[in-house]
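Subject: Structure for your review

Dear colleague,

Please find below the structure that I am handing over to you. I would ask you to look at it first and then to read the notes that follow.

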Amino acid sequence: MRACWKQLKAFFNAEEVPRWFGLSLVLSYLFGLGSVAYLGITKTRELALQEYESSCRYAVTAMVSRLREIDGTASIRQLSRQHVLYEFAAHMNVDTLRLVDGNRQVIASIHESEIGQTFVDEFSTMSWPQSVNFASMYSDVLGKPVSVIRAPVHMSVVTAQVDTSTDESPSMTRTRHAATDEETPTTSWLDIHLIPSEHSTSMIYNHADTVIVVLVVLGVLFVIYHRLRVQMRSVMRIGDRLYSNHSRIEENLNMLRIHDASDTMTNAWNELIDLTQTCSQAADKYKANDELAGVLKRSQGGALADALHSISDGILYIADAEQIQYINAHAQRLLGMTWDEQKGQSLQHLSLTGMGEKIREMVESTQTSEGVYVSRSEIIKDGQPEDEEASSYRVSIQPMRKSAAGHGCVITMRDVSQQLRTDRAREDFVTQVTHELRTPLTNIRAYAETLSSGMFDDPKVITECYNVITKETRRLSRLIEDILSVSQLEVGSIAININDVDIKSLVSDSARDVRGLADEKNIDLQVIVPAKLEMISADRDKLSVVLNNLLGNAIKYTPSDGVVVITCQQSDDAVMITVKDNGIGVAPKDHARIFEKFQRADDPDVHSITGTGIGLYTAREVVRRHGGEITIMSEKGNGSTFVVKLPHQVGRATAMSITKELSHD
Amino acid sequence: MIRILLAEDEPHIMRIMHMWLERHGYEVFDSANGAIALARLRQEPVDLLITDMNMPEMDGLHLVRAVRDELKLTIPIIFLSARCDQAELMQQLAGLNVNLRAKPFTPSRLVDDISRLLGDQPSLARSECTE
């Protein structure tokens, strides 16, 4: 029983109940309640009526017996009957009450106008009963059901003779009646029409009506409500979730998942959320891809693209499978390819040679097994290792964070040829310089030791030693000055102190300084200056360095018994100092080079003579600072002529433009 | 008399070495570069060779190679170089059995070296780049 009840309850409370069942349940429930209500009402009515009938019957019986007992004169009888009828009517709440004789004549009635009339009504056709008879009939006249009671009354009724004499005194009549009455036993009928007034029985069953109706309605409402709630539970759960999390949906769809139930609708909802999340993530990914593509697209055209294409470094950005995401103009040139933006080109599949191939090799060698790149920087030469003219590039690989395009890296290519050349030249210079420095030092040391050893007491030898020491010391100090000027020139910190300079004396002083060197090699050193020479604004010390360098070179690179001539000329705007020798000369191809830092002519004869490669560089820089210029005329094996042109005034504008030029070197 | 051949392009150095060695009783021959030195060696033998690195025509390295490989001479060689710190040079001289000395040097030291190399005294380490 309990199980049955449980089952029923479960079924009643089930989440999903077939629709027809729910509906029929409700309908049958309603129907049941309706029937009960109806039956209830009817029953109550019947009972009420029955009760009323029985009380009526009792009253009628009593009335009938009292009517029979009435005695006396005709008028008394009349009055008494009337009285009984009135009593009954008041008690029983009737509409019509009359006493009718065999001829259908009304003997007594509560409606006094009926007395003496012949009684005919709609119920008259009924056969008169033998005993008290109750009937409920519908009266057309009245328009409502009527309870009719017929009861036979056996009474003695004296037939009254109507005296037509005019003399009608009550006493006379009475006497007459009394004298002439004949007693005839006769049967009359009591005709009672009961019309229940509105408030007699209706009160009873009206209440019952209301209560039952209310109960039914409540019951129905409850059922409907309960069923709805049950059906809506899943939906409400979803609704709750949405309400509480609607502001945070974008952050995390997970918030909308329902964890504490697993009916069909909840599961479907959760699946929907999961699907939405997946879609959202996929969309994000595509969006990122799109954005990246968009950025790259935008960067293709526009200021950024122009800027990237015009910088002197090569930029190459590759992603998964060496797919080229971007490559600027310079890099395209270096790799020897043109990039078709629309086509997706992979570094793997391009046919590259030379530099391009080397770069690709380098890129591929940095890739780990997971496809990630490692950072690396190498110098790659665009050509054979021995090739002096080939450019060298510093190729740097920098991995990128994982993006929509996968693991990528950016490769930059910077031309470091000049830097390498300078570095190498500086290295050579330092090596050379130290070597150069060591030579005079060795001499000084050796000769100093010789002197101190006292091994040689020949005065000539001793003098020789001192001379060598002095000369070498001077040589050393000159060398150091040279090195210093070079580094100063590089920094740009050389200062030109402008004064009035007498070129004539400058030239003769310089010649005197180098005469010793010239004499050693038996070189004829000639000085030719005009009688009158104007002063110029210059830095005397720096200019003397220039002349010493030029003269020193001339002597150095001229074999013994040669000739070196230094001359001086003046024109309108400038002074020209010329140093001419008949030494080994400089091939035209080296004319520019010999003026560069640490560079000497590419000539074995030159190499065999010690030199640092900075003399001419220093000289030119100083001359340029003065607003002048040095030029060379020379051929290999045919001596050299150097011309120094100096303006009279070192103007400020000139100095400025010189500074700019220097910075380009 | 012990014969020593000098190969040096710097005249002052040459002169001082010459003076010192002669003073110590050696017979000294000068050659201004490697080629002259080699030619001389071909003609007459010497007991010791002192050579500089940087010389025109033929530098010290080539000279020493020629002496060892071509002339197959086993005479002691003193190699003077201002570039003693070059590992490359030392590598190149590795198999040639020379005594490497740094410049600047002191003549007295040089003389000691020579006497050790030629005499009974134990010689210094082969390639010693010391003062």
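In which order do the elements of chain B run from the N terminus on? They run β-α-β-α-β-α-β-α-β-α, which gives chain B five helices and five strands. Please keep in mind throughout that this is a predicted model.

**The two chains**

Chain B has 131 residues, and 51% of them count as buried. Its accessible surface comes to about 5900 Å², with 49% belonging to carbon and sulfur atoms. If one takes the contacts in chain B between residues at least 6 apart in sequence, 62% join residues at least 24 apart.

Chain A contains 16 helices and 17 strands. Of its 665 residues, 38% count as buried. The accessible surface of chain A is about 38600 Å², and carbon and sulfur atoms hold 55% of that. Among the contacts in chain A with a separation of 6 or more, 59% are between residues 24 or more positions apart.

**A helix in chain A**

Helix α9 of chain A spans residues 355-365. Which of its residues are buried? They are Met355(A), Gly356(A), Ile359(A), Arg360(A), Met362(A) and Val363(A). Seen down the axis of α9(A), these buried residues fall within an arc of 160°, so they line one face of the helix.

**Aromatic pairs**

One is formed by Tyr326(A) and Trp339(A), whose ring centres are 5.8 Å apart and whose planes stand at 85°, so the pair is edge-to-face. Tyr326(A) lies in strand β7 (residues 324-327) of chain A and Trp339(A) in the loop between α8 and α9, so the pair ties together parts that are 13 residues apart in sequence. Are these two residues buried or exposed? Residues under 20% relative accessible area count as buried. Tyr326(A), at 4% relative accessibility, is therefore buried, and Trp339(A), with a relative accessible area of 14%, is buried as well.

Another edge-to-face pair joins Phe595(A) and Phe642(A), with 6.3 Å centre to centre and 70° between the planes. Phe595(A) is in the loop between β15 (574-581) and α14 (604-608) of chain A, while Phe642(A) is in strand β17 (residues 640-647), so this pair ties together parts that are 47 residues apart in sequence. Both Phe595(A) and Phe642(A) are buried.

**Where the chains meet**

How many residues does each chain bring to the contact? Chain A brings 23 residues and chain B brings 21 residues. Between them the two chains bury about 2200 Å², of which 59% is on carbon and sulfur atoms. Two salt bridges are found across the interface of chain A and chain B. Among the salt bridges in the model is that of Glu10(B) with Arg475(A), where the closest N and O atoms are 3.4 Å apart.

With kind regards

Methods
Residues are numbered from 1 along each chain as its sequence is written. Chains are lettered from A and ligands numbered from 1 in the order in which they are written. This is a predicted model: local features need pLDDT of at least 70, side-chain atom pairs count only at pLDDT 80 or more; totals for chains, interfaces and linings use all residues. Side-chain values use heavy atoms; hydrogens and water are left out. Helices (H or I, at least four residues) and strands (E, at least two) are DSSP runs, numbered from the N terminus. Buried means under 20% relative accessible area, exposed over 50%, partly exposed in between (1.4 Å probe, protein chains only). Contact means heavy atoms within 4.5 Å. Accessible areas come from the Shrake-Rupley method with a 1.4 Å probe; for residues, only the protein chains shown count as cover. The arc is that of the directions from the helix axis to the C-beta atoms. Rings of Phe, Tyr and Trp (its six-membered ring) pair if their centres lie within 6.5 Å; planes under 30 degrees apart count as stacked, over 60 as edge-to-face and the rest as tilted. Buried area is the accessible area (1.4 Å probe) that two parts lose on being put together, summed over both. A salt bridge is a side-chain nitrogen of Lys or Arg within 4 Å of a carboxyl oxygen of Asp or Glu.
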